[in-house]
Amino acid sequence: IINNHYFLLDTTSDSNNNQQFNNNQNSQVEATASIVVSEEKTLTDSYEANNTDESVILVENGGNLTFNANKQNLNGNIEVDNISTLVLNLENSSYSGTINGDNNAKNIAITLDSNSTITLTGNSYVTSLKDDDTSYSNINFNGYKLYVNGKSIN
């Protein structure tokens with residue numbers, strides 16, 4: 001099992017009793033909780049995976065995660081199992097790592113604004129990609145391929 005940790009500042013529950021985590025500050029924060037996503041969650045946070053056996057985002061066991069990053073830096077691999085989903089929204093944020101490197105995820109949807117960047121560290125696979133920069137100049141492919149719904153965009 002690969003562990004993952006999220007740095008959380010504030011937690012609230014919505015009317016459906018889903019946990020939501022919010023951090024809209026332009027800074028790294030101290031760790032106050034560890035979470036493996038295996039249910040429905042919405043997270044807004046910043047994290048850097050520091051250990052080689054650690055993912056920045058791990059969604060498993062039928063989890064459905066919406067991760068809204070605003071002015072955040074995310075570093076590390078994203079892993080989602082074959083019965084789980086991830087919606088990753090990057091706004092004024094950066095991500096560096098490999099996304100679904102084993103091409104196993106049920107669904108991964110990524111949206112990034114023109115002020116956000118992605119730097120790949122391995123071949124990556126997503127179901128959908130919405131990029132405000134239609135030339136993809138905000139994605140550093142770094143010699144790797146990014147596959148969107150089975151088709152390489154580079």
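Predicted model: local features only at pLDDT ≥ 70, side-chain atom pairs only at ≥ 80, totals over all residues.
Biologist: Which residues have the most contacts inside the largest nonpolar core?

Modeller: A nonpolar core is a set of buried nonpolar residues joined through side-chain atoms. Here the largest one has 26 residues, and those with the most contacts inside it are Ile57, Ile78, Leu86, Leu88 and Ile110. Several strands give two or more residues to this core, including β5 (55-59), β8 (77-80), β9 and β12 (117-120).

Biologist: Let me pick one of them. Is leucine 86 buried or exposed?

Modeller: A residue counts as buried when its relative accessible area is under 20%. Leucine 86 has a value of 0%, so it is buried. You will find leucine 86 in strand β9 (residues 85-91).

Biologist: Which residues does leucine 86 touch, apart from those up to four places away in sequence?

Modeller: Leucine 86 touches Ile57, Leu65, Phe67, Ile78, Val80, Asn107, Ile108 and Ala109. Leucine 88 has its own set of partners beyond four places in sequence, among them Ile57, Phe67, Leu74 and Ile110.

Biologist: And across the protein chain, what share of the contacts between residues at least 6 apart in sequence join residues at least 24 apart?

Modeller: That share is 33%.

Biologist: Now for strands side by side. In which sense do β11 and β14 pair?

Modeller: They pair in the parallel sense, over four bridges. To find the place on screen, look for alanine 109, which stands opposite serine 128 in β14.

Biologist: Which residues make up the covered face of strand β14?

Modeller: The covered face of β14 (residues 128-131) has Leu129 and Asp131, while Ser128 and Lys130 are on the uncovered one.

Biologist: What about aromatic rings: how many aromatic pairs does the structure hold?

Modeller: It holds one. The rings of tyrosine 125 and tyrosine 147 have centres 4.8 Å apart and planes at 5 degrees, so this pair is stacked. Planes under 30 degrees apart count as stacked. Tyrosine 125 lies in strand β13 (residues 124-126) and tyrosine 147 in strand β16 (residues 146-148), so the pair ties together parts that are 22 residues apart in sequence. Tyrosine 147 is partly exposed, with a relative accessible area of 22%.

Biologist: One last feature: how do I read a phi angle?

Modeller: Begin with the general idea: most residues other than glycine have a negative phi. Then look for positive values. Lysine 71 is not a glycine, yet its phi is near 60 degrees. Lysine 71 is found in the loop between β6 (64-70) and β7 (73-75), and it is partly exposed, with a relative accessible area of 40%.

Biologist: Where does asparagine 103 lie?

Modeller: Asparagine 103 lies in the loop between β10 (94-97) and β11 (107-112). Its phi is also positive, about 55 degrees, although it is not a glycine. With a relative accessible area of 47%, asparagine 103 is partly exposed.

Definitions and conventions: Residues numbered from 1 in each chain as written. Heavy atoms only, no water. Buried < 20%, exposed > 50% of the residue type's maximum accessible area, 1.4 Å probe, protein only. Pairing = 2+ DSSP bridges. Phe/Tyr/Trp six-rings, centres within 6.5 Å; stacked < 30°, edge-to-face > 60°. Contact = heavy atoms within 4.5 Å. Core = buried A, V, L, I, M, F, W, Y, C linked by side-chain atoms within 4.5 Å.
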